[in-house]
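Q: I have a structure to go through and would like a short tour. Can we take it topic by topic?

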Amino acid sequence: MIKTYEEAKNKLLTFSLDEECQSFFEKNNYLQELAYCKVFAGKPAEAENLFTEISDLNPRARWGCKLTGILLNKPVHYPTYFELRNFLEVDLNLLINYDKGNYADEILSYADSFYSVNPEVYKYIGRVFLNNEVYSYAKFFLERAKNRFYHDPELHVILAQLAILEEDYERALKAVDACLEILPEYFPAKDLKRKLTKSDLKFD
């Protein structure tokens, strides 16, 4: 039996949502969390109503209104730079892990528009697919990020990580070197290069 908010929130964020968890949020008036339960249950209209109820005071609920508006094929205002930075990656990962691939596709159809607001959007999307081991999609979005926002050192490290997972160590090293040309003291790249140039190629 769920007794605390933290227990319920942990179940929601670890893709273990169930009726007990949703009931806890509903009984205790956690409307934002309940709204996400509705999204993952395939009820975006109900989620939109809940997000709207608290959107005046809650930045994530304002993002939630835009998210559900997209899912409901409504005209929506584009999210802000900070909404995309703070929420897009997290929520796209949740949608994928709650088997809402159709919803994820709806969000991805706005990728070019989101990029016009926040040029790191392709990197965020690529990292989600990388973390979910969908490497073809990860490569597509990360390469698009490289073509449009090349001077982002973190991006090249992520490209190197993808190359390592695909066992293409030469490509990984090139990505690391590209990063170090942009920011020579960037520690993640220096550490990755050290590992790549060691014979044992051990990665934690």
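This is a predicted model: local features need pLDDT of at least 70, side-chain atom pairs count only at pLDDT 80 or more; totals for chains, interfaces and linings use all residues.

Q: How far apart are N and O in the salt bridge of Lys-11 and Asp-18?
A: The distance is 2.5 Å from N to O, between the side chains of Lys-11 and Asp-18. That pair qualifies because 2.5 Å falls within the 4 Å limit.

Q: Are those two buried or partly exposed?
A: Lys-11 is partly exposed at 22% relative accessible area, and Asp-18 is partly exposed at 30%.

Q: How many salt bridges are there in the whole structure?
A: The search finds 19 salt bridges. As background, side chains of opposite charge can pair when their charged atoms come close.

Q: What does Arg-171 form a salt bridge with?
A: Its partner is Asp-168, and the closest N and O atoms are 3.3 Å apart. Arg-171 has a relative accessibility of 24% and counts as partly exposed. Asp-168 is also in the partly exposed class, at 28%.

Q: Which salt bridge links distant parts of the chain?
A: Asp-177 and Lys-193 make one, with 2.8 Å from N to O. Asp-177 sits in helix H12 (residues 169-182) and Lys-193 in helix H13 (residues 187-196), 16 residues apart. Asp-177 is partly exposed, with 27% relative accessible area, and Lys-193 is partly exposed with 30%.

Q: Which residues are linked in a network of salt bridges?
A: The network links Glu-89, Glu-120, Lys-123, Arg-127, Asp-152 and Glu-154.

Q: Changing topic: how many disulfides are found?
A: Zero, from a search of the whole structure.

Q: Is Cys-65 buried or exposed?
A: Buried, at 19% relative accessibility. That value counts as buried because the cut-off is under 20%. Cys-179 is also buried, at 0% relative accessibility.

Q: Now Glu-48. Where is it found?
A: Glu-48 is in helix H4, which covers residues 44-54.

Q: Buried or exposed?
A: Glu-48 is buried, with a relative accessible area of 13%.

Q: And what does Glu-48 touch?
A: Leaving out residues up to four places away in sequence, Glu-48 touches Thr-68, Gly-69, Leu-72 and Lys-74.

Q: Pockets next. What volume does the second largest pocket have?
A: The volume of the second largest pocket is about 180 Å³.

Q: Which residues line that pocket?
A: The lining of the second largest pocket is made of Tyr-5, Lys-9, Leu-12, Leu-13, Gln-32, Glu-33, Tyr-36, Arg-60, Val-90 and Leu-94. By class, six of these are nonpolar, one is polar and three are charged.

Technical notes: Residues are numbered from 1 along each chain as its sequence is written. Side-chain values use heavy atoms; hydrogens and water are left out. Helices (H or I, at least four residues) and strands (E, at least two) are DSSP runs, numbered from the N terminus. Buried means under 20% relative accessible area, exposed over 50%, partly exposed in between (1.4 Å probe, protein chains only). Contact means heavy atoms within 4.5 Å. A disulfide is a pair of cysteine sulfur atoms within 2.5 Å. On a 1 Å grid over the protein atoms alone, a cavity is a set of points where a 1.4 Å probe fits but cannot get out, and a pocket is an open set with protein on both sides within 12 Å along at least five of seven lines; lining residues have an atom within 4 Å of a point. Grid points are joined across faces, edges and corners, and a volume is the space filled by probe spheres set on the points. Ala, Val, Leu, Ile, Met, Phe, Trp, Tyr, Cys and Pro count as nonpolar, Asp, Glu, Lys and Arg as charged, and the others, Gly among them, as polar.
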